[in-house]
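Please read the points below with the model open beside them.

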Amino acid sequence: MRKNIVAGNWKMNKTYQDAQALVSEIDNMVKDEVTNDNVEVIVTPPFPFLQSISKLIQGNPRMHLAAQDVSAHESGAYTGEVSAAMLKSVGVEYVLVGHSERRQYHHEDADLLLKKMRAALKEGIKPIFCCGEPLEVREAEDHFQYVNQQLRETVAHLSNEEFDQIVIAYEPIWAIGTGRTASSQQAQEMHASIREELSRIFDAEAAYNKTILYGGSANPGNAKELFAQPDVDGGLIGGASLKSRDFTDIIKSF
């Protein structure tokens, strides 16, 4: 059975004090309310909070820590960069790679994203690889081809062993922070397409066992229907992950 994951991406939000309070609330709610043993919970705070949050959640086996980015370099004169070894040393288990905001604002291309994934994998950190199409591609009905191309340019270059360690997150960019949400049918169609492409790149078993998350404005109102789709294995949650009640209710949607 492939793993169900709900990951909260805090982006550039919260102060240190706010972050401590939020993760403590989530941690307690998960302990008290989440009964599904097949759901893994990931929090993805900004870099300055990683170590303290790692300590806060270490007693809860369902809670895991992710970073929002990682350098492609191991070490050296790269001011402002954070290496995979640094992340590993403070308890990070997952890292986002290829988020649409990194692609758009920092012009990260396929070659760089592949290097980032391999840098993380070398340190035993699991990449959550993000892919997805902007509005103009969706409206032109080229979305399946567009996302498949993103996979062929990056994930396809991983070994079978490397591929086993990654998580895929589908981001309909047109539904992030816009108030629009893909319908459960639209999410399922794309997730099924991604799984089919992965079966062509690797094999059917590897594709079937791959966790694929939905990352487009999921909330407590639509999460249950989204997660009920056969190829949707959880969510990469943005705004709703900044509210402990909303985030926990999404986790409980399985």
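1. Terms and source. Helices (H or I, at least four residues) and strands (E, at least two) are DSSP runs, numbered from the N terminus. By that rule, S89 sits in helix α3, which covers residues 84-89. The model is predicted: local features need pLDDT of at least 70, side-chain atom pairs count only at pLDDT 80 or more, and totals for chains, interfaces and linings use all residues. Residues are numbered from 1 along each chain as its sequence is written, and side-chain values use heavy atoms, with hydrogens and water left out.

2. Overall chain. The protein chain has 12 helices and eight strands. Along the principal axes, the C-alpha atoms fill a box of roughly 45 × 45 × 35 Å.

3. Of the 254 residues, 53% are buried (buried means under 20% relative accessible area, exposed over 50%, partly exposed in between, with a 1.4 Å probe and protein chains only). Contact means heavy atoms within 4.5 Å. Among contacts between residues at least 6 apart in sequence, 72% join residues at least 24 apart.

4. Helices α1 and α2. Helix α1 (residues 16-33) packs on helix α2 (residues 50-57) at an angle of about 25°, with the axes 10 Å apart. Axes are lines fitted to C-alpha atoms, for helices over the stretch in contact, and angles run from 0 to 180 degrees between N-to-C directions. α1 and α2 are therefore roughly parallel (under 35 degrees; over 145 is roughly antiparallel, 65 to 115 roughly perpendicular, and the rest oblique). Their crossing is right-handed, that is, the near helix is turned clockwise from the far one by less than a right angle, anticlockwise being left-handed. On the α1 side the contact uses Y16, A19, Q20, V23, S24 and D27, and on the α2 side S52, I53, L56 and I57. These residues divide into six nonpolar, three polar and one charged. Ala, Val, Leu, Ile, Met, Phe, Trp, Tyr, Cys and Pro count as nonpolar, Asp, Glu, Lys and Arg as charged, and the others, Gly among them, as polar.

5. Helices α1 and α12. The axes of α1 and helix α12 (residues 244-251) come within 9 Å and cross at roughly 35°, again in a right-handed crossing. From α1, the residues L22, E25, I26, M29, V30 and E33 meet S244, R245, F247, T248 and I251 of α12. This contact has six nonpolar, two polar and three charged residues.

6. Helices α7 and α9. Which way do α7 and α9 cross, left-handed or right-handed? The crossing is right-handed; the axes come within 10 Å at roughly 40°, and the two helices are therefore oblique. The α7 residues in contact are H143, F144, V147, N148, L151 and R152, facing E189, M190, S193, I194, E197, L198, R200 and I201 of α9. By class there are seven nonpolar, three polar and four charged residues. S89 is exposed, at 60% relative accessible area.

7. R62 and T35. R62 is in the loop between α2 and β3 (63-67) and counts as buried, at 18% relative accessibility. Leaving aside neighbours within four places in sequence, R62 is in contact with V30, V34, T35, N36, D37, V39, E40 and V41. One of these partners, T35, lies in the loop between α1 and β2 (39-44) and is exposed, with a relative accessible area of 68%. T35 and H73 are 38 residues apart in sequence and 40 Å apart in space, C-alpha to C-alpha.

8. Positive phi. Most residues other than glycine have a negative phi. E141 has a phi near 60°; this residue is in the loop between α6 (135-139) and α7 (143-153) and is exposed at 64%. S217 also has a positive phi, of about 60°. S217 is in the loop between β7 (212-214) and α11 (223-227), and at 27% relative accessibility counts as partly exposed.
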